[in-house]
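Hi,

Here is the structure I promised to pass on.

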Amino acid sequence: MAQDKTPAPQADNQTTVDTKPASTSRRRFLTGSAAAVGAGAAAAVGFPSIAVAQTTTLRFQSTWPNQDIFHEYAADYVRIVNEMSGGRLRLNLLPAGAVVGALQLQDAVISGALDGGHGVTAYWYGKHKAFSLFGTPPPFGWDAHQFLAWFWNGGGRELYDELLEMLELPLVGYQTGPMPTQALGWFKEPIRSADDLRGLKYRTVGLGADLMGEFGAAVTIMGGGDIVPAMDRGLLDGAEFNNPSSDRLLGFPDVSKTWMLRSYHQDCEAFEIIFNRNKHDSLPEEFQAILEYAAKAASSEMYWKAMDRYPRDLQGMREEQGVQTYITPDSVLQEQLAAWDAVIERESSDAFFKKVIDHQREYCERVVGFHLEGNAPKDPAYEHFFGKAATDTSTIL
């Protein structure tokens with residue numbers, strides 16, 4: 001090994017003078033520079049470069065008009081996804097009609113015209129009646145929270161995936177957002193008996209359409225944004241959409257002052273979030289997890305918001321817009337249950353429909369039974385503390 005002839009370090013107060021010829025000093029500089037460059041090149045090869053984070057953007061449309069609170073719920077889901085991903089995954093939210101109409105959303109997601117969307121499974125029941133069972137199931141005594149528990153933990157999701165596979169629909173979907181019992185709807189006059197529904201031009205969706213058909217109603221299925229204009233033109237005699245906030249924002253009080261509360265046609269319901277399967281599966285697993293867990297988080301956020309907004313808007317319609325609310329007679333509710341028996345029996349001729357119905361029945365017999373046995377009734381407690389029945393603000397027919 002060559003002997004190291006590097007001069008010893010000097011004290012801080014001494015000056016070191018390079019006594020070598022200038023040519024030697026230049027050679028040492030060039031050699032050192034080349035070594036430094038070589039070392040830098042080796043470092044570049046030996047260590048990965050720092051990648052700039054890329055943003056993945058998905059086109060995501062709702063089935064709701066801009067002014068509907070449901071579109072706001074879709075926006076909440078989008079916000080949660082974007083925040084959870086730190087902006088690396090972004091959903092670009094569009095209202096109904098931006099790319100396709102509400103009832104064409106599923107086909108647009110399948111074709112890739114959209115990457116995903118926010119709606120309800122009842123809109124797709126024309127492809128298979130069982131779709132409605134995953135959004136607006138029969139009134140087996142459960143509420144929407146228990147329905148979502150069935151989907152996420154009780155085997156419902158596996159049946160939903162089986163339906164998509166059976167129909168060869170390249171989708172990934174989640175149920176989210178528990179909806180309270182929906183009203184029978186808006187009418188020119190109060191509905192006092194089931195006979196009042198016969199021949200009525202009425203709007204609803206999903207299996208609710210089959211149910212109201214049992215009463216002799218002439219049912220039309222249409223998206224939310226089309227209902228009020230249809231009522232205004234006399235194309236509908238009655239219609240339901242969903243809740244006080246949505247109905248008020250969509251303008252129902254402008255075309256009717258009679259709102260019938262309570263019904264078994266859609267006793268509980270939930271939203272559906274869908275994505276194109278190829279697009280979904282091409283995402284990193286981290287992003288796939290965010291899309292799913294955001295649906296669960298948005299589910300709770302939606303219900304909390306609804307519980308604050310729905311009563312306020314109901315009060316506003318009564319006090320500011322002259323809306324009269326009526327409790328649907330028990331006789332109509334009982335005949336709805338009998339009509340459900342007929343619908344279920346008829347549609348159960350399809351093997352998959354029956355498979356889902358049987359699964360839901362078994363679940364509800366166990367879970368709803370537990371709930372009814374263990375939970376104290378709410379009406380007596382409300383009347384005790386507030387000195388009135390919850391129905392005091394509505395007319396009981």
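Some ground rules. This is a predicted model, with residues numbered from 1 along each chain as its sequence is written. Local features need pLDDT of at least 70 and side-chain atom pairs count only at pLDDT 80 or more, while totals for chains, interfaces and linings use all residues, and side-chain values use heavy atoms, with hydrogens and water left out.

Overall picture: of the 397 residues, 47% count as buried (under 20% relative accessible area, with exposed being over 50% and partly exposed in between, using a 1.4 Å probe and protein chains only). Taking contacts as heavy atoms within 4.5 Å, residues 24 or more positions apart account for 77% of the contacts with a separation of 6 or more.

Now the strands, which pair if DSSP finds at least two bridges between them. In S4 (171-179), 9 of the 9 residues are buried, so this strand is largely enclosed by the rest of the structure. S4 runs antiparallel to S10 (residues 269-276), over 8 bridges, and Leu-171 has Asn-276 as its bridge partner there.

Is Gln-182 buried or exposed? Its relative accessibility is 1%, so Gln-182 counts as buried. Leaving out residues up to four places away in sequence, Gln-182 touches several others, among them Glu-240, Phe-241, Arg-262 and His-265.

S5 in turn pairs with S9 in the antiparallel sense over 3 bridges, with Gly-185 partnered by Met-260. On its other pairing, S9 (residues 258-261) goes parallel with S11 (residues 324-327) over 4 bridges, and Thr-258 stands opposite Gln-324. In a regular strand the side chains alternate between the two faces of the sheet. In S9, Thr-258 and Met-260 point one way and Trp-259 and Leu-261 the other, and all are buried.

On to the rings. I paired the rings of Phe, Tyr and Trp (its six-membered ring) if their centres lie within 6.5 Å, calling planes under 30 degrees apart stacked, over 60 edge-to-face and the rest tilted. That rule gives 25 aromatic pairs. In one of them, Phe-60 and Tyr-77 have ring centres 5.8 Å apart and planes at 35 degrees, so the pair is tilted. Phe-60 belongs to S1 (residues 56-62) and Tyr-77 to H2 (residues 69-84), so the pair ties together parts that are 17 residues apart in sequence. Both are buried.

Phe-134 and Tyr-160 make an edge-to-face pair, at 5.7 Å centre to centre and 70 degrees between the planes. Phe-134 is in the loop between S3 (116-119) and H4 (144-153) and Tyr-160 in H5 (residues 156-166), so this pair bridges parts 26 residues apart in sequence. Ring pairs also link Phe-134 and Tyr-160 into a cluster with others, including Trp-142, Trp-150, Tyr-174 and Tyr-363.

Last, how do H4 and H5 pack? Their axes are 4 Å apart at about 70 degrees (lines fitted to C-alpha atoms over the stretch in contact, with angles from 0 to 180 degrees between N-to-C directions). That makes H4 roughly perpendicular to H5 (65 to 115 degrees, with under 35 roughly parallel, over 145 roughly antiparallel and the rest oblique). Trp-150, Phe-151 and Trp-152 of H4 meet Gly-156, Arg-157, Leu-159 and Tyr-160 of H5.

Cheers

How values were computed: Helices (H or I, at least four residues) and strands (E, at least two) are DSSP runs, numbered from the N terminus.
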